[in-house]
Amino acid sequence: MHADKTAALSPAPVLQLTMAFYGSQALVSAVELDVFTQLADEPLPLEEAERALGIDPRGARDFLDALVALDLLDRDESGYRSSTVARRYLDRREPTYVGGYAMMAKHYLMPMWGKLTDAVRTGAPQVPTGGGFFDGYQDPNAARPFLGAMDAVNAQVSRELTELVDWERYTSFVDVGGARGNLAATLVNRYPDLGGTVFDLPQIEPFFQEHVEALGVADRVGFRAGDFFDDPLPQADVHILGHILHYYGAKERRQILESVYESANPGGGIVVYDRMIDDERSERALSLLGSLNMLLTSDGGREYTLGECHDWLREAGFEVQMSEPVGGMDVLVFATKPSAAS
Ligand SMILES: C[S@@+](CC[C@H](N)C(=O)[O-])C[C@H]1O[C@@H](n2cnc3c(N)ncnc32)[C@H](O)[C@@H]1O
């Protein structure tokens, strides 16, 4: 009886998880070879695809068929073509391209994840010598795909954010750590009476100028260069902290929230979004794994629960108004500063 029960218990889930990186690596290699741009427009038969992609016949068929099985390519009698989702998000000519994440995974995240055991044992990040996340801005070729990948994620959040907050009550906002202004551009395009400022590190300004000019909002979104630990934030009705708080420990997080509170106009608000963990800490596996990503990449950061976010906002003086899942992977919280507050 006992033996039967054991036999029925398959090791497949454990083995599938063990090999889950095969799929990640296949995607990374396909992005590196630019498979999805090259196969976006028309299907190519196997041999033509081998030539176009510069890949050897020995692995080509299995590689391309594996991408079919992963729903990233379609295959019919005329050959292989990028699937609908790959044409939208992995064709590098599209504004929605997220392949920059795959390259960031290859060069930055995967080597660090290989050191997860050390990080868990010691509590120390495993950032390679030569720099952290934001040092990459020195090299435009490294920075642009990273910024593009962030934008592909925040574009979806931005679209939802335009409807989640009653923006007509407000006249100004600051996107704190707003990178090259993608979210700010979506807000001012939807609400022409809103004035927006991006507050970010000085080295991001050239990327900001390039992007807001391309989006046609250079006259409506300004840039304030600064460091949110050293410089006061611009005064505004609403401040936005998107994918910022998870990067820091308690002291820095408190400092950022206090600084936002000080520069928020009474009656104004704060928007926070991050890949928050569910309050039971058991359902959102990718958020919990994302928290380990923060262990690996930052000095004191971690993902946090919605309850913690509410507590921190209240401690800073804000009143929580609403929380909603956004963009497929994040949770967004909106809180207000009391009108009578100074
Ligand atoms: C993970 S990105 C988030 C970008 C954007 N908010 C989003 O949701 O996609 C963090 C941003 O914070 C900026 N940043 C990091 N440290 C900063 C600091 N000390 N002062 C101001 N900006 C900072 C980075 O340059 C980057 O643009």
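Is A179 buried or exposed, and how many other C-beta atoms lie within 10 Å? A179 is buried, because 24 other C-beta atoms lie within 10 Å of its own, where 20 or more make a residue buried, 12 or fewer make it exposed, and a value in between makes it partly exposed, with C-beta atoms placed from the backbone. The structure in these views is a predicted model, in which local features need pLDDT of at least 70 and side-chain atom pairs count only at pLDDT 80 or more, while totals for chains, interfaces and linings use all residues. Residues are numbered from 1 along each chain as its sequence is written.

**Figure 1. The whole chain.** The secondary structure of the chain comes to 15 helices and nine strands, where helices (H or I, at least four residues) and strands (E, at least two) are DSSP runs numbered from the N terminus. The chain has a radius of gyration, taken over C-alpha atoms, of 22 Å, close to the 20 Å that the globule rule (2.2 Å times the number of residues to the power 0.38) gives for 342 residues, so it is as compact as a globular protein of that length. Along the principal axes, the C-alpha atoms of the chain fill a box of roughly 70 × 60 × 40 Å. Of the 342 residues in the chain, 35% are buried. Among the contacts in the chain with a separation of 6 or more, 67% are between residues 24 or more positions apart, a contact being a pair of residues whose C-beta atoms, placed from the backbone, lie within 7 Å.

**Figure 2. The two domains and the contact between them.** The domain assignment of the chain, which is an automatic or database one, gives domain 1 (2-94) and domain 2 (103-336). The C-alpha centres of domain 1 and domain 2 lie 32 Å apart. Five residues from domain 1 and four residues from domain 2 take part in the contact. On the side of domain 1 that touches domain 2, helix α3 (residues 20-32) gives the most, with four residues. That side of domain 1 has, by class, three nonpolar, one polar and one charged residues, where Ala, Val, Leu, Ile, Met, Phe, Trp, Tyr, Cys and Pro count as nonpolar, Asp, Glu, Lys and Arg as charged, and the others, Gly among them, as polar.

Figure 3. A179 lies in the loop between β3 (172-176) and α11 (182-190). When neighbours within four places in sequence are left aside, A179 is in contact with L147, M150, D200 and I204. R92 is 87 residues from A179 along the chain, and the C-alpha atoms of the two are separated by 20 Å.

Figure 4. Strand β1 (residues 73-76) and β2 run antiparallel and are joined by four bridges, where two strands pair if DSSP finds at least two bridges between them. The hairpin joins β1 to β2 through two residues, and L73 stands opposite S82 in β2. R81 has its place in strand β2 (residues 79-82), and it is buried, with 21 other C-beta atoms within 10 Å. Apart from neighbours within four places in sequence, the contacts of R81 are with L39, E42, P43, L73 and D74. R81 and P45, which are 36 residues apart in sequence, are 9.2 Å apart in space, C-alpha to C-alpha.

**Figure 5. The hairpin of β8 and β9.** Strand β8 (residues 319-326) and strand β9 (residues 330-336) run antiparallel and are joined by seven bridges. E319 has T336 in β9 as its bridge partner. Three residues lie between the strands of this hairpin, in which G327 takes a positive phi near 60 degrees.

Figure 6. H243 lies in the loop between β6 (236-242) and α13 (250-263), and although it is not a glycine, H243 has a positive phi of about 55 degrees. With 17 other C-beta atoms within 10 Å, H243 is partly exposed. R281 lies in the loop between β7 (264-274) and α14 (285-297), where its phi is near 55 degrees, a positive value in a residue other than glycine. R281 counts as exposed, with 11 C-beta neighbours inside 10 Å.

Conventions. Contact = placed C-beta atoms within 7 Å.
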